[in-house]
Amino acid sequence: GRYRVISTKPMPGTRWIKLLTDQDCRVEICTEQKTILSVEDILALIGTKCDGVIGQLTEDWGDVLFSALKRAGGTAFSNMAVGYNNVDVDAATKNGIAVGNTPGVLTETTAELAASLSLAAARRIVEADQFMRAGLYDGWLPHLFVGNLLKGQTVGVIGAGRIGSAYARMMIEGFKMNLIYYDLYQATRLEKFVTAYGQFLKANGEQPVTWKRAATMEDVLREADVISLHPILDKTTYHLINKERLAIMKKEAVLVNCSRGPVVHEVDLVEHLRANPMFRVGLDVFEDEPYMKPGLAEMKNAVVVPHIASASKWTREGMATLAALNVLGKIKGYPVWHNPNLVEPFLDENSVPPP
Ligand code: GLV
Ligand code: GLV
């Protein structure tokens, strides 16, 4: 192969490798055993000749790495993730490196995990499982692990882009929940879905579902029974959920985070969970991954999983494939319409800009 492409991790499937090797690329996959590679580790991988890199969200892609990649003759980087808060896109641009991400293929898989966490938290699945395994079940009782009924309650979505909208649809269609959402953009297609589904339910003599676009995020926090966070992480969403905002949520609300850990002030959250045993959370992401803030692991009203929202086989192979195509497209100079996942100010196709 004429081009040297490195992947900082082995990735699922083989299609992504074939795509690259079929087109003049030599693929090198880092086999380093430690989970999170440091900047120094990656510098050594890049070496003196490297055309493109597929990297991971655990890595810090800033000026040091992008200028090294430039010196090695590189022009392309793709994150194997839809989120790219670990990537300094300005530094990449300054060094002439195109940055790609992997949207689309993980939308439903991620939304399904958010739905799973919503149910697990609302119905206390993990707590009940632990109780069962501990041999504590000694007979059915009216009070045993009573949780929340979702039907007829309100689901709140903060960030109604691709993933937030897919999650909302699952909860509305699956559990006949009403919707309140907050986003800078109007989720037109989602609104139309809820309206049509509401009419269908009404025609069948059932209580229709409703939707509302909230004027403020606080309206969502006050009114919703289940709240799922789907914003990107940037300066405007860092610690979006803090002590003050937790305080306005319902005492028995369920909060789900499958976006990025720092969107939630985790120390404030632990405090809130301790003070409000009926408040429940489902968390896929944490402020200082792989760590949890002190106390979180002991909270019975928290369901915690290790950043697995996109972890289905189909999706992970799709992410690897998209990441390879992003790098290949740039190296081979394909036109942008062959290579649509380059990071740029993102406008969801479901959305229209704010007035
Ligand atoms: C995973 O967290 C992703 O952003 O794809
Ligand atoms: C519960 O198991 C019931 O039959 O109501």
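**Entry 1: helices 7 and 8**

I began with helix 7 and helix 8, which are roughly parallel to each other, where angles under 35 degrees count as roughly parallel, over 145 as roughly antiparallel, 65 to 115 as roughly perpendicular and the rest as oblique. The axes of helix 7 (residues 162–175) and helix 8 (residues 188–203) cross at roughly 10° and come within 10 Å; these axes are lines fitted to C-alpha atoms, for helices over the stretch in contact, and angles run from 0 to 180 degrees between N-to-C directions. Helices (H or I, at least four residues) and strands (E, at least two) are DSSP runs, numbered from the N terminus.

I noted that this is a predicted model, in which local features need pLDDT of at least 70 and side-chain atom pairs count only at pLDDT 80 or more, while totals for chains, interfaces and linings use all residues. Residues are numbered from 1 along each chain as its sequence is written, and chains are lettered from A and ligands numbered from 1 in the order in which they are written.

Which residues of helix 7 and helix 8 meet? From helix 7 I listed Ser165, Ala168, Arg169, Ile172 and Glu173, and from helix 8 Leu190, Phe193, Val194 and Tyr197; two residues are in contact if their C-beta atoms, placed from the backbone, lie within 7 Å. I sorted the residues of this contact into six nonpolar, one polar and two charged, with Ala, Val, Leu, Ile, Met, Phe, Trp, Tyr, Cys and Pro counted as nonpolar, Asp, Glu, Lys and Arg as charged, and the others, Gly among them, as polar.

**Entry 2: helices 2 and 3**

Next I looked up helix 2 (residues 39–46) and helix 3 (residues 63–71), whose axes come within 10 Å and cross at roughly 5°. That crossing makes helix 2 roughly parallel to helix 3. Val39, Ile42, Leu43 and Ile46 of helix 2 make the contact with Val64, Leu65, Ala68 and Leu69 of helix 3, and by class I found eight nonpolar, no polar and no charged residues there.

I then traced an open sheet of five strands, which has the order 2-1-3-4-5 with parallel pairing; two strands pair if DSSP finds at least two bridges between them. Strand 2 (25–29) and strand 5 (98–100) stand at the edges with a single partner strand each, so one side of each is left without a neighbour in the sheet. Neighbouring strands of this sheet are turned by 15° against each other on average, direction ignored.

Strand 3 (residues 52–55) and strand 4 (residues 76–79) run parallel and are joined by four bridges, and glycine 52 stands opposite alanine 76 in strand 4. Helix 12 (residues 313–331) packs on the sheet, where it touches strand 1 (3–7), strand 2, strand 3, strand 4 and strand 5, and its direction makes about 165° with that of strand 4.

Five bridges join strand 6 (residues 154–158) to strand 7 (residues 178–182), which run parallel, and threonine 154 stands opposite asparagine 178 in strand 7.

**Entry 3: domains and ligand**

The domain assignment, which is automatic or from a database, gives domain 1 (3–105 + 312–352) and domain 2 (107–304). Their C-alpha centres lie 32 Å apart, and ten residues of domain 1 are in contact with 15 residues of domain 2.

Around ligand 1 I found Leu57, Ala81, Val82, Gly83, Leu106 and Ser310, where a residue counts as near if its C-beta atom, placed from the backbone, lies within 6 Å. This shell has four nonpolar, two polar and no charged residues.

**Entry 4: backbone details**

Most residues other than glycine have a negative phi, and most peptide bonds are trans. Phenylalanine 145, in the loop between helix 6 (125–133) and strand 6, has a positive phi of about 50° although it is not a glycine. A cis peptide bond, with omega about 10°, joins glutamate 289 and proline 290.
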